[in-house]
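Please consider the following points alongside the sequence and the coordinates.

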Amino acid sequence: MSSNAPQTGRLPVLVNLQTNETYTLSGPTVNLGRAPENEVILPDDGYASADHAKIYWDQGRWWLEDLMSSNGTTVNDQLISAPWQLSPNDIIKVGRTTFRIE
């Protein structure tokens with residue numbers, strides 16, 4: 001996995017579709033889950049694991065990976081079992097929280 005964040009173009013934004021909170025994907029890795037160490041913290045989602053999933057930059061693309069969460073991670077209603085290359089407008093579900101990549 002490459003540790004360099006993207007340097008050119010507009011950075012993608014992760015939008016929480018329930019709260020409209022936005023998170024710009026500016027670092028090489030963005031972790032999602034209930035634990036306070038995550039960049040995207042989901043404290044009220046009892047279906048999200050403490051360390052549920054991560055979004056990371058590798059080989060010039062953004063990827064999503066489930067971190068062996070209890071309830072899984074979906075992209076566009078498809079349960080993922082391996083790293084998934086993200087595209088604009090993908091819908092990500094972590095626990096009961098839904099995000100869109102813009």
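1. For solvent exposure, a residue is called buried under 20% relative accessible area, exposed over 50%, and partly exposed in between (1.4 Å probe, protein chains only). The model is predicted, so that local features need pLDDT of at least 70 and side-chain atom pairs count only at pLDDT 80 or more, while totals for chains, interfaces and linings use all residues. Residues are numbered from 1 along each chain as its sequence is written, and side-chain values use heavy atoms, with hydrogens and water left out.

2. The structure holds one salt bridge, a term that denotes a side-chain nitrogen of Lys or Arg within 4 Å of a carboxyl oxygen of Asp or Glu. R100 and E102 form this contact, with their closest N and O atoms 2.5 Å apart. R100 is partly exposed because its relative accessibility is 26%; E102 is likewise partly exposed, at 34%.

3. Most residues other than glycine have a negative phi. Q59, which is not a glycine, has a positive phi of about 55 degrees. Q59 is located in the loop between β5 (53-58) and β6 (61-66), where strands are DSSP runs (E, at least two residues) numbered from the N terminus. With a relative accessibility of 62%, Q59 counts as exposed.

4. The loop between β9 (84-85) and β10 (91-94) contains N89. N89 counts as exposed because its relative accessibility is 54%.

Methods: Helices (H or I, at least four residues) and strands (E, at least two) are DSSP runs, numbered from the N terminus.
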